[in-house]
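Trainee: Before I use a model, I would like to know what stands behind the labels put on it. Can we go through them one at a time?

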Amino acid sequence: MRRLHPGTVAGFFEGLRLIEPGVVSCNRWHPDPVPGGEPAGEVAMFGGVARKP
């Protein structure tokens with residue numbers, strides 16, 4: 001998993017028709033902390049749904 005800019009995520013849908021609302025921010029989530037380590041910070045994610053034209 002990588003943190004990407006929404007515009008970069010939109011590039012993955014090139015040649016497809018994005019379904020409304022397009023590329024949007026997903027719910028924020030907290031990944032599981034590493035045992036014995038500091039808890040990981042919040043991760044912002046973006047996603048979308050598309051179909052073939």
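The questions below take up the labels and the values behind them.

Mentor: This is a predicted model, where local features need pLDDT of at least 70, side-chain atom pairs count only at pLDDT 80 or more, and totals for chains, interfaces and linings use all residues. Residues are numbered from 1 along each chain as its sequence is written, and side-chain values use heavy atoms, with hydrogens and water left out.

Trainee: How do you know what confidence the predictor has in the protein chain?

Mentor: From pLDDT, the predictor's confidence in each residue, from 0 to 100. The mean pLDDT of the protein chain is 77, and 66% of its residues reach 70 or more. Among the elements, β2 has the lowest mean, 80, and strand β4 (residues 50-51) has the highest, 93.

Trainee: What makes a stretch count as a helix or a strand?

Mentor: Both are DSSP runs numbered from the N terminus: a helix is H or I with at least four residues, and a strand is E with at least two. On that basis the protein chain has 1 helix and 4 strands, in the order α-β-β-β-β along the sequence.

Trainee: Why is Phe46 called partly exposed?

Mentor: Buried means under 20% relative accessible area, exposed means over 50%, and partly exposed lies in between (1.4 Å probe, protein chains only). Phe46 has a relative accessible area of 30%, so the residue is partly exposed. Of the 53 residues of the protein chain, 11% count as buried.

Trainee: Which residues does Phe46 touch, leaving out those up to four places away in sequence?

Mentor: Contact means heavy atoms within 4.5 Å. Phe46, in strand β3 (residues 46-47), touches Leu4, Pro6, Val9, Val23, Val24, Ser25 and Cys26.

Trainee: Why is Val24 called partly exposed?

Mentor: Its relative accessible area is 30%, and therefore Val24 is partly exposed. Val24 sits in strand β2 and touches Met45, Phe46 and Gly47, not counting residues up to four places away in sequence. Val24 and Gly48 are 24 residues apart in sequence and 6.3 Å apart in space, C-alpha to C-alpha.

Trainee: Why does Arg17 count as partly exposed?

Mentor: Its relative accessible area is 44%, so Arg17 is partly exposed. Arg17 belongs to strand β1. Beyond residues up to four places away, Arg17 touches Val49, Ala50, Arg51 and Pro53. For Arg17 and Arg51, 34 residues apart along the chain, the C-alpha separation is 5.4 Å.

Trainee: Why is Ile19 put down as partly exposed?

Mentor: The value is 35% relative accessibility, so Ile19 is partly exposed. Ile19 lies in the loop between β1 and β2. Its contacts, apart from neighbours within four places in sequence, are Val49, Ala50 and Arg51. The C-alpha atoms of Ile19 and Gly48, 29 residues apart along the chain, are separated by 7.6 Å.

Trainee: What is the peptide bond from Glu20 to Pro21, cis or trans?

Mentor: That bond is cis, with omega near 15°. Most peptide bonds are trans. Pro21 is placed in the loop between β1 (17-18) and β2 (24-25).

Trainee: How do you know what share of contacts in the protein chain joins residues at least 24 apart?

Mentor: Taking contacts between residues at least 6 apart in sequence, 51% join residues at least 24 apart.
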